[in-house]
Each structure stands twice: as structure tokens, then as C-alpha cells.
Amino acid sequence: MAVLWAWRLGPMADAAVTVVSELVTNAILYGSGPQAGQAEPEHVGLTLRHTRDELTVIVTDGNTSPPAHPATPGPYAESGRGLRVVDALADQWGWTSLGVAAKAVWATICL
Ligand SMILES: Nc1ncnc2c1ncn2[C@@H]1O[C@H](COP(=O)(O)OP(=O)(O)OP(=O)(O)O)[C@@H](O)[C@H]1O
Ligand SMILES: [Mg+2]
């Protein structure tokens, strides 16, 4: 995360750190092989792309199951909010398949 602070993104730094945290956590928890919960962190990749106008976060993992569309969690639900947070902080986000056993989940934040 140090690079996000080094890039001096100003007020967007907190949002960027949160988006990275949510997407990487999801990749570790759900992005490994056909069975959820069998994390293989070596299959998780993180790319940060900084241009003058935007920051793009790209997180790759080891399966092609798409992230669920953000649903409304019940008031007592202890999970199910991560992608809603990404939806709120990022200007765009989505995912794309990478071959037969990988995908990339990405989010862009306008600076
Ligand atoms: N990288 C991923 N690969 C496969 N499925 C995913 C991935 N990211 C998210 N999902 C699916 O989308 C669902 C919603 O993700 P989200 O981050 O919103 O909630 P959560 O991880 O269940 O809880 P929280 O993030 O609030 O701790 C997950 O429960 C999972 O089923
Ligand atoms: Mg999550």
C-alpha cells in the first residue's frame, strides 16, 4: 500500500486503499480453484496503474467465477458489503475472464 501513499493521490488515497483491500481479500477467499475457501494466494496478482486522470486497480485470481452483483445485505449480515463499498468508491468496476482458470477484477477511480 505504500505506493498508493507515495503517489500522493490526496483525498483518493483512502478510497484506493479500501478498494485494493476489498478486491484482494475477495481474491484470496473466493478466487482459488473450483472450491471456495481453498485459498492459493500465489494465484492472486495485484496491478496498480496510475495515470494523470485515474487510478486503476486490477486483481487477478485463479478461477473464472464472477464476483456476485452487489446485493443488499440484511441489517444483521456480517458480510456481503465489500463489493457495495467498491461500487460506492470506484467510478467503474468489472471483471473479465483470463483464459480457462483465471480472471481479473478491476476498478477505476477518477483522480
Ligand atoms: N474474486 C471473486 N471470485 C469469485 N467470487 C467472488 C469474488 N469476489 C466476490 N465474489 C462473490 O461475490 C460475493 C460478494 O462479495 P462481497 O465482497 O460483496 O461480500 P463478501 O466478501 O461475502 O463479504 P465482505 O466483503 O462484506 O466481508 C462473495 O460472497 C462471493 O460469492
Ligand atoms: Mg468481500
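**Entry 1: Thr56.** I began with Thr56, which sits in strand 2. I take helices (H or I, at least four residues) and strands (E, at least two) as DSSP runs, numbered from the N terminus. Is Thr56 buried or exposed? Thr56 is buried, with a relative accessible area of 9%. For such labels, buried means under 20% relative accessible area, exposed over 50%, and partly exposed in between, with a 1.4 Å probe and protein chains only. I then listed what Thr56 touches, not counting residues up to four places away in sequence: Thr47, Leu48, Arg49, Ala107 and Thr108. Contact here means heavy atoms within 4.5 Å.

**Entry 2: ground rules.** This is a predicted model, in which local features need pLDDT of at least 70, side-chain atom pairs count only at pLDDT 80 or more, and totals for chains, interfaces and linings use all residues. Residues are numbered from 1 along each chain as its sequence is written, chains are lettered from A and ligands numbered from 1 in the order in which they are written, and side-chain values use heavy atoms, with hydrogens and water left out.

**Entry 3: the partners of strand 2.** I looked for the strands that pair with strand 2. Two strands pair if DSSP finds at least two bridges between them. Strand 1 (residues 45–50) runs antiparallel to strand 2, over 6 bridges. A hairpin links strand 1 to strand 2 through 3 residues. Across this pair, His50 stands opposite Leu55. Strand 4 also pairs with strand 2 in the antiparallel sense, over 8 bridges. There, Glu54 of the one faces Cys110 in strand 4. I noted a general point: in a regular strand the side chains alternate between the two faces of the sheet.

**Entry 4: the nonpolar core.** Which residues touch the most other members of the largest nonpolar core? They are Val19, Leu23, Val57, Val86 and Ala107, out of 19 residues. Such a core is a set of buried Ala, Val, Leu, Ile, Met, Phe, Trp, Tyr and Cys residues joined through side-chain atoms within 4.5 Å. Helix 2, strand 2 (54–61), helix 3 (82–89) and strand 4 (103–110) each give two or more residues to this core. Helix 2 gives the most, with 7 residues. Leaving out residues up to four places away in sequence, Val19 touches Val57, Val86, Leu89, Ala107 and Ile109. In soluble globular proteins, nonpolar side chains tend to be buried together.

**Entry 5: Asp61.** Asp61 is also in strand 2. Asp61 is buried, at 5% relative accessible area. Where do its polar contacts go? I count a polar contact as a pair of N or O atoms within 3.5 Å; within protein, one must be able to donate a hydrogen and the other to accept it, and residues adjacent in sequence count only if both atoms are side-chain atoms. The side chains of Asp61 and Lys103 are joined by one of 2.8 Å. The Asp61 side chain also reaches the backbone nitrogen of Asn63 at 3.3 Å. An N or O atom in the side chain of Asp61 is 2.9 Å from a nitrogen atom of ligand 1.

**Entry 6: ligand 1.** I went on to the ligand. Of the 14 residues around ligand 1 (a heavy atom within 4 Å), Asn26, Tyr30, Gly80, Arg81 and Leu83 come nearest. The side chain of Asn26 has an N or O atom 2.9 Å from an oxygen atom of ligand 1. Arg81 has a backbone N or O atom 2.8 Å from an oxygen atom of ligand 1. The protein covers 76% of the 600 Å² of accessible area that ligand 1 has on its own. Accessible areas come from the Shrake-Rupley method with a 1.4 Å probe; for residues, only the protein chains shown count as cover.

**Entry 7: Trp95.** Trp95 lies in strand 3 (residues 92–97). Trp95 is partly exposed, with a relative accessible area of 38%. Beyond its neighbours within four places in sequence, Trp95 contacts residues including Pro66, Pro67 and Trp106.

**Entry 8: Arg8.** Last, I checked the loop between helix 1 (2–6) and helix 2 (12–30), where Arg8 is placed. Arg8 has a positive phi of about 50°, although it is not a glycine. Most residues other than glycine have a negative phi. Arg8 counts as exposed because its relative accessibility is 75%.
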